[in-house]
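Biologist: Could you walk me through this model, one question at a time?
Modeller: Gladly, have a look here and then ask away.

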Amino acid sequence: MKDGEDQASDKQLVVRVQKGDKRAFDLLVIKYQFKVQAIVSRFVWDRDELADVTQEAFIKAYRAIPNFRGESQFYTWLYRIAVNSAKNYVVARGRRPPESDIDAADAEQWVGSDQMRDLETPESQLFCQELEHAVRQVIADLPEDLRTAVTLREYHDLSYDEIADIMKCPTGTVRSRLFRAREVIDAEVLRVMSGK
Amino acid sequence: MTKQIDGLGESLSALMDGEANELDLQRVLKNIEGEKREEILARWSRYHSGSEAMRGELPTIRMDMAALITSAVENEKTHRQALSGGFLDILGQFAVAASVAMLAIVGVQNYNQLDPQQSMHSAALDAYDVQLNTGPAMQFPSGFKPVINAQKVSVGALQRSQLVPSREVEKVGAREFPEQEIRGHIDKMMSKHNDHTAVHSAYGVLPFIDINKEDVTPDRR
């Protein structure tokens, strides 16, 4: 996970939510819904239960967001809320929650239990493999300047200023190149998603 | 693709990288509530999917619940943050400091009022006051309630120095008068007393004799 940029991006959106802008929370929901589902799926294995707990976690996060002071990353904070929501749900139904917790940073890469794999349909697994392959192919085919910019950004977690220094170009050019690279990648993601 | 959509996409890309300025943020949020809402949210989702795919971090469970969650959040009350956190923090710290200072002042005042000597003295005076008011002079026939049209003066309110009889004693330094002069003054006084006693007292026949204490001590005789 790209900690620095995600933190800055999340902070901007969190501040807007704290000032009363619910639209900013919509962006956070879209950004993190699959990651929260991955965490919650460690505790509940039914799709309907997974949906309920995920929704509850986001609503709890929204209610508690005025108290979020940015001392930790938003995702770490959201992760704790999701884990607590899932544990409470499991205990309320007389089941035992898992004894060991997973770290927030490892949660995304967590492979999961057999029950979780039940939630992963063959179609979703195939979709992920196909998407990863397609995106890597598109990046390899990008023009040199776009590929360098997106690689420094996504793989090396560099800021716009740092990329500008390396590529010896204005920061605005970096911003523009990253957008153009993302547009090409986005077109490929859209193609895979639509099954064409 | 129109120039407007390009500008919006670039703002979305910058927001994703944490490099968005206020204008980018305004542009994105303003368009979310308009007719482009679905398009913007879908693009935002795809941008993140593309980023996760590049790094091989795509979550395999992908139930799109965004519409459901945002709809539920829509029913929640809107947060309002009237003042900036920094100002509130400073205000809070000032309030705490003021409270502590006030408590300290009140505490010191109470402590001064609880001077043990003054409390004991006040208790003694109260007991004396009770004694006065319950004595025979203050006992009246049943049913008789005297009307005392006088202003009560509380002795407890008087200063300690006003209650305790005192006499100013002029302190004279010992070295101001030499010992010889003092002894002469005492001898003169004793002689005067002897003369006076001889004339006005029945014991005056006995002259004043300056005797040594050792001579009259029985054990030493």
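Biologist: What percentage of the contacts in chain A with a separation of 6 or more comes from residues 24 or more positions apart?
Modeller: A word on the source: this is a predicted model, where local features need pLDDT of at least 70, side-chain atom pairs count only at pLDDT 80 or more, and totals for chains, interfaces and linings use all residues. Residues are numbered from 1 along each chain as its sequence is written, while chains are lettered from A and ligands numbered from 1 in the order in which they are written. Two residues are in contact if their C-beta atoms, placed from the backbone, lie within 7 Å. Among contacts in chain A with a separation of 6 or more, the share from residues 24 or more positions apart is 65%.

Biologist: How many helices are there in chain A?
Modeller: Helices are DSSP runs of H or I with at least four residues, and strands are runs of E with at least two, numbered from the N terminus. Chain A has 0 strands, and its helices number 10.

Biologist: Which helix gives the largest share of the side of chain A that touches chain B?
Modeller: The contact takes 61 residues from chain A and 48 residues from chain B. Helices supplying at least two residues each to chain A's side include α1 (3–18), α2 (22–40) and α10 (171–194). With 14 residues, the largest share belongs to α2(A).

Biologist: How are α2(A) and α3(B) oriented to each other?
Modeller: The axes of α2(A) and helix α3 (residues 37–54) of chain B are 9 Å apart, at an angle of about 40 degrees. Axes are lines fitted to C-alpha atoms, for helices over the stretch in contact, and angles run from 0 to 180 degrees between N-to-C directions. Angles under 35 degrees count as roughly parallel, over 145 as roughly antiparallel, 65 to 115 as roughly perpendicular and the rest as oblique. Therefore α2(A) and α3(B) are oblique.

Biologist: Which residues of α3(B) do A:D26, A:L27, A:I30 and A:K31 meet?
Modeller: Those four residues sit in α2(A). Their partners in α3(B) are B:L41, B:W44, B:S45 and B:H48.

Biologist: Within what arc do the buried residues of α8(A) fall?
Modeller: A residue is buried if 20 or more other C-beta atoms lie within 10 Å of its own, exposed if 12 or fewer, and partly exposed in between, with C-beta atoms placed from the backbone. In α8(A), the buried residues are A:L146, A:A149, A:V150, A:R153 and A:E154. They line one face of the helix, because seen down its axis (taking directions from the helix axis to the C-beta atoms) they fall within an arc of 110 degrees.
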